[in-house]
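This report looks at one helix and the residues around it. The sequence and the model come first.

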Amino acid sequence: MSIQIFILSKLMEDNNYPYKLKKQLSDPIPLDQLGGLTESKLYYHFDSLAKQGLIETVEIVKEEHRPDKQIFTITAKGREELPKKIYKLFESTDKISDMVVGLASIKYVNREKVVEILEKKLKNIKDHWEQITNFEKQIQIDKEHEKFAEFMSGYVSTRTEHTIYWLEELIKRIKQREI
């Protein structure tokens, strides 16, 4: 879904072709390599978006001794679907690292709605954490498993506190329009 959001967002700015978008992803940081994005995956997503009617070919550029370049544009349906895909991305993940493309495309959605989604997510995480904390207090751990339980408790609490902190920070920065 992130790749398709990236493609649609770039086509909102200007008509484009797959290879050029891949190059944009790799400069200055090789995000394409870090994310495992190959040209074939990118072309697959262009094809998928075209089949859904979200993008269409507007021009075919022919160059001697080079493959034809298909230039794509976003359709009216694509403009309508982009915000839905972005909201769905925010709703479907708890990891900020999986929200990066949505955050980069935040100008195409209602910020207040994104904040609502994230605040609901934050509340769920906090509620779940409170349940776990209350449950931990009720459990009797035998001596043999004490060290393992301490390790797991430390790991889970640190990870959860980290998630809560950064989600709160993200919400604050979106509200302040820093992101």
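**A helix and its core contacts**

Ile86 lies in helix α5; helices here are DSSP runs of H or I with at least four residues, strands are E runs of at least two, and both are numbered from the N terminus. The model is predicted, so local features need pLDDT of at least 70 and side-chain atom pairs pLDDT 80 or more, while totals for chains, interfaces and linings use all residues. Residues are numbered from 1 along each chain, and side-chain values use heavy atoms, without hydrogens and water.

Helix α5 covers residues 76-92 and spans 25 Å between its first and last C-alpha, close to the expected 24 Å (1.5 Å times one less than the number of residues). At Leu82 α5 bends by about 25°, with Pro83 following within four residues; the bend is the angle between axes fitted to the seven residues ending there and the seven starting there.

Ile86 has a relative accessible area of 0% and is therefore buried (under 20%; exposed is over 50%, partly exposed in between, with a 1.4 Å probe and protein chains only). Other buried residues of α5 include Leu82, Tyr87 and Phe90.

| Residue | Contacts within 4.5 Å |
|---|---|
| Ile86 | Ile5, Gly102, Ser105, Tyr108, Val109 |
| Phe90 | Met99, Gly102, Leu103, Val114, Ile117, Leu118, Lys121 |

Phe90 is also among the residues touching the most other members of the largest nonpolar core, which has 35 residues (buried Ala, Val, Leu, Ile, Met, Phe, Trp, Tyr and Cys joined through side-chain atoms within 4.5 Å). Helix α7 gives the most to this core, 6 residues.

Definitions and conventions: Lists of a residue's contacts leave out its neighbours within four places in sequence.
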